[in-house]
Amino acid sequence: AQQAFREGVLVEALNPKTAAFFLAFIPQFVDPAEGHVALQFVVLGFVSVALNTLADILVAFAASGIREGATARPALIRRLRKASGAAMMALGLGLALAKRPST
């Protein structure tokens, strides 16, 4: 589990989308008049990472609980699979029938 966590952190840290998000989002909350712009940027980045990590942990625990409850009811799993398959088919059909803008 620790290796998976380290790999996840490394992948996210090297993800260019993460860098683009921070460069686009955080500067609007940095106030140059307050000084220490780099420190403000780092603090806001750490706050964002901490909140995102907390949310991910809560989702993981909730998903674990849901999974344990669902595995005890195989009929529920079958219905969920059928429903998600039907939803995917409906989305695909909607996409196939969508009108494309004329160019």
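Author: Helices (H or I, at least four residues) and strands (E, at least two) are DSSP runs, numbered from the N terminus. In this structure, Asp-31 lies in the loop between helix 2 and helix 3. The model is predicted: local features need pLDDT of at least 70, side-chain atom pairs count only at pLDDT 80 or more, and totals for chains, interfaces and linings use all residues. Residues are numbered from 1 along each chain as its sequence is written, and side-chain values use heavy atoms, with hydrogens and water left out.

Reader: Is Asp-31 buried or exposed, or in between?

Author: Buried means under 20% relative accessible area, exposed over 50%, and partly exposed in between (1.4 Å probe, protein chains only). Asp-31 is partly exposed because its relative accessible area is 34%. Its C-alpha atom is separated by 9.6 Å from that of Phe-41, 10 residues apart along the chain.

Reader: What is the phi of His-36?

Author: Most residues other than glycine have a negative phi. His-36, although not a glycine, has a positive phi of about 50 degrees. This residue is found in the loop between helix 2 and helix 3, and it counts as exposed because its relative accessibility is 62%.

Reader: Which residues line the largest pocket?

Author: Rolling a probe the size of a water molecule over the atoms shows where empty space is left. On a 1 Å grid over the protein atoms alone, a cavity is a set of points where a 1.4 Å probe fits but cannot get out, whereas a pocket is an open set with protein on both sides within 12 Å along at least five of seven lines; lining residues have an atom within 4 Å of a point. Here the lining includes Phe-5, Glu-12, Phe-22 and Asp-56. Helix 1 (2-13), helix 2 (16-25) and helix 3 (37-71) each supply at least two lining residues, and the largest share, five residues, comes from helix 1.

Reader: Where is Ala-70 in relation to Phe-22?

Author: The two residues are 48 apart in sequence and 37 Å apart in space, C-alpha to C-alpha. Ala-70 has its place in helix 3 and is buried, because its relative accessible area is 14%.
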